Amino acid sequence: MGISFGSFTLDVRARQLLRGEELIHLSPKSFDLLALLVQRRPDAVSKRELHAQLWRETFVSDVNLAVLVTEIRASLGDSARQPRFIRTVQRYGYAFCGAITKVTAGHTSPAGSAACWLVWHGERVVLSPGENVLGRDPTADVRVDAVGVSRRHAMIVVDPDDVLLHDLDSKNGTYANNVRVTSPIELVDGAEIRLGPALLRFHQLANLTATQTFTLTRHLRTRR
């Protein structure tokens with residue numbers, strides 16, 4: 001997934017931050033924090049949630065989080081007093097406040113249409129060719145942020161000939177049309193997908209080709 005803001009492009013799948021063609025170095029935790037804030041934009045994310053996402057089984061102080069934010073701001077040429085990208089929400093947490101100019105997945109073509117996509121709570125995310133991981137992880141290709149959904153819950157593989165749903169050893173199971181996925185299941189237009197308690201709907205155009213355009217509209221997230 002490539003997300004452009006200012007002169008930067010954040011590629012979550014490749015775990016790269018670019019300024020034009022220049023690769024900008026970020027520590028792994030700083031990259032995870034930036035990716036999470038970008039994907040949750042424009043919502044503010046609490047320090048408590050950031051701690052839970054970045055240091056799941058380790059207690060750290062807010063100083064560690066502040067160090068990551070400082071690193072990100074330095075890499076982006078941002079300022080705490082006049083933020084262009086990372087905004088401090090006093091006594092709460094942080095939010096990404098930059099304007100997103102382009103969000104894409106896969107390769108684009110002049111047609112500008114999508115071959116297959118998922119819908120959850122009225123929101124839509126287009127699937128890219130190849131592997132699409134679904135789950136709560138901030139770096140998942142399709143982020144389904146709901147209680148009962150595993151970090152890497154399932155995977156949809158989009159090929160020229162078919163679209164297959166795989167379970168990734170999830171805790172609460174993956175289902176297609178109420179059938180539990182124990183081996184890859186082929187998806188057809190209108191198929192109902194359930195990740196634990198989260199219900200999604202799969203849609204596909206009649207003609208799926210390898211050169212189809214894919215434009216990511218937004219990552220799915222829980223309505224608050």
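# Briefing: helix packing and sheets in a predicted model

Strand β14 (residues 163-167) pairs with β17 in the antiparallel sense over two bridges. This structure is a predicted model.

**The five-stranded sheet**

- β14 and β17 belong to an open sheet of five strands, which follow the order β12-β11-β13-β14-β17 with mixed pairing.
- The edges of this sheet are taken by β12 (142-143) and β17 (185-186); each has a single partner strand, so one side of each is left without a neighbour in the sheet.

**The three-stranded sheet**

- Another open sheet is formed by three strands in the order β5-β7-β6, and its pairing is antiparallel.
- Here β5 and β6 are the edge strands, each with a single partner, so one side of each has no neighbour in the sheet.
- The antiparallel pairing of β5 with β7 runs over two bridges, and Val-45 stands opposite Tyr-94 of β7.
- Helix α3 packs on this sheet and touches β6 and β7, and its direction makes about 150° with that of β6.
- β6 and β7 also pair in the antiparallel sense, over four bridges.
- In β7, Tyr-94 has Thr-88 opposite to it.
- β6 and β7 form a hairpin with three residues between the strands, in which Arg-91 takes a positive phi near 60°.

**Helix α1 with helix α2**

- The axes of α1 (residues 28-39) and α2 (residues 47-54) come within 11 Å and cross at roughly 130°.
- Angles from 65 to 115 degrees count as roughly perpendicular and those over 145 as roughly antiparallel, and α1 and α2 are therefore oblique to each other.
- Their crossing is right-handed.
- On the α1 side the contact is made by Lys-29, Asp-32, Leu-33, Leu-36 and Leu-37, and on the α2 side by Leu-50, Gln-53 and Leu-54.

**Helix α2 with helix α3**

- α2 packs with α3 (residues 62-76) at an angle of about 85°, and their axes are 11 Å apart.
- This angle makes α2 roughly perpendicular to α3.
- α2 contributes Lys-47, Leu-50, His-51 and Leu-54 to the contact, while α3 contributes Asp-62, Leu-65 and Leu-68.
- The residues of the contact of α2 with α3 comprise four nonpolar, one polar and two charged.
- Leu-50 and Leu-54 of α2 take part in the contact with α1 and also in the contact with α3.

**Helix α1 with helix α3**

- The axes of α1 and α3 come within 9 Å and cross at roughly 80°.
- α1 and α3 are therefore roughly perpendicular to each other.
- The contact involves Lys-29, Ser-30, Leu-33 and Leu-34 of α1 together with Leu-65, Leu-68, Val-69, Glu-71, Ile-72 and Leu-76 of α3.
- Seven nonpolar, one polar and two charged residues make up the contact of α1 with α3.
- Lys-29 and Leu-33 of α1 are part of the contact with α2 as well as the contact with α3.
- Leu-65 and Leu-68 of α3 are found in the contact with α2 and in the contact with α1.

**Aromatic pairs**

- A search of the whole structure finds five aromatic pairs.
- In one of them, the rings of Phe-5 and Phe-96 have their centres 5.1 Å apart and their planes at 75°, so the pair is edge-to-face.
- Phe-5 lies in strand β1 (residues 2-5) and Phe-96 in strand β7 (residues 93-96), so the pair ties together parts that are 91 residues apart in sequence.

**Backbone features**

- Most residues other than glycine have a negative phi, and most peptide bonds are trans.
- Arg-91 has a positive phi of about 60° although it is not a glycine.
- The place of Arg-91 is the loop between β6 (86-89) and β7.
- The peptide bond that joins Arg-41 and Pro-42 is cis, with omega about -5°.
- Pro-42 is located in the loop between α1 and β5 (45-46).

Definitions and conventions:
Residues numbered from 1 in each chain as written. Predicted model: local features only at pLDDT ≥ 70, side-chain atom pairs only at ≥ 80, totals over all residues. Heavy atoms only, no water. Axes fitted to C-alpha atoms, helices over the stretch in contact; angles between N-to-C directions. Parallel < 35°, antiparallel > 145°, perpendicular 65-115°, else oblique. Left-handed = near helix turned anticlockwise from the far one by under 90°. Contact = heavy atoms within 4.5 Å. Pairing = 2+ DSSP bridges. Phe/Tyr/Trp six-rings, centres within 6.5 Å; stacked < 30°, edge-to-face > 60°. Nonpolar A, V, L, I, M, F, W, Y, C, P; charged D, E, K, R; others polar.
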